[in-house]
Amino acid sequence: MEPFRPEGRVRYNPPVPKRRPRTLSDERWRDVFTALRSHRDRALLALALSNGARAGELLSLRGVDIDWGDQLVRVIRKGSRAEQWLPVSAEALSPGYGTINSHDD
């Protein structure tokens, strides 16, 4: 067996973003949440912001996909169709946002 030669490895250099992402102030976020008419929409937005899941992954959530105790949601990843548990903020699961299955338009 030949010894490992580090010069044969290729380093991964991801591209550096040219500019920083835009941010919203807390007041603007409150305006966004206030503009949403249903608790379900507020819950979905809070979930998306807290774990970075894709919209399609969140829209396919069912009640059994939420682990309320450990604050996790189960999503099916795009492409691989693999199941993955993602952390969720406590605010996203709070009763103030309603439940994922509510339809109170």
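The model is predicted: local features need pLDDT of at least 70, side-chain atom pairs count only at pLDDT 80 or more, and totals for chains, interfaces and linings use all residues. Residues are numbered from 1 along each chain as its sequence is written, and side-chain values use heavy atoms, with hydrogens and water left out. The protein has three helices and three strands. Their order along the sequence is α-α-α-β-β-β.

**Overall fold**

- Helices (H or I, at least four residues) and strands (E, at least two) are DSSP runs, numbered from the N terminus.
- Of the 105 residues, 24% count as buried. Buried means under 20% relative accessible area, exposed over 50%, and partly exposed in between (1.4 Å probe, protein chains only).
- Take the contacts between residues at least 6 apart in sequence: 41% of them join residues at least 24 apart. A contact means heavy atoms within 4.5 Å.

**The sheet**

- Three strands make an open sheet in the order β1-β2-β3, with antiparallel pairing. The edge strands are β1 (66–67) and β3, each pairing on one side only.
- Two strands pair if DSSP finds at least two bridges between them.
- β1 and β2 are antiparallel and share two bridges. In this pair, I66 stands opposite V73 of β2.
- β2 and β3 also run antiparallel, joined by five bridges. L72 has P87 in β3 as its bridge partner.
- In a regular strand, side chains alternate between the two faces of the sheet.

**The two hairpins**

- Four residues separate β1 from β2 in their hairpin. Q71, in the turn, has a positive phi of about 55°.
- Six residues lie between the strands in the hairpin of β2 and β3. There, G79 takes a positive phi near 90°.
- A82 belongs to the loop between β2 (72–76) and β3 (83–87).
- A82 is partly exposed, at a relative accessible area of 35%. Leaving aside neighbours within four places in sequence, A82 contacts V75, I76 and R77.

- N51 sits in helix α2 (residues 39–51).
- N51 counts as buried because its relative accessible area is 17%.
- The N51 side chain reaches the backbone nitrogen of A53 at 2.9 Å.
- Beyond its neighbours within four places in sequence, N51 is in contact with V73, L86, P87 and V88. V73 is the residue in β2 that I66 stands opposite, and P87 is the bridge partner of L72.

**Confidence**

- Mean pLDDT is 80, and 80% of the residues reach 70 or more. pLDDT is the predictor's confidence in each residue, from 0 to 100.
- Over residues 101–105, pLDDT stays under 50. The model has 10 contacts beyond four places in sequence for this stretch.

Technical notes: Polar contact = N/O pair within 3.5 Å; in protein donor to acceptor, adjacent residues only side chain to side chain.
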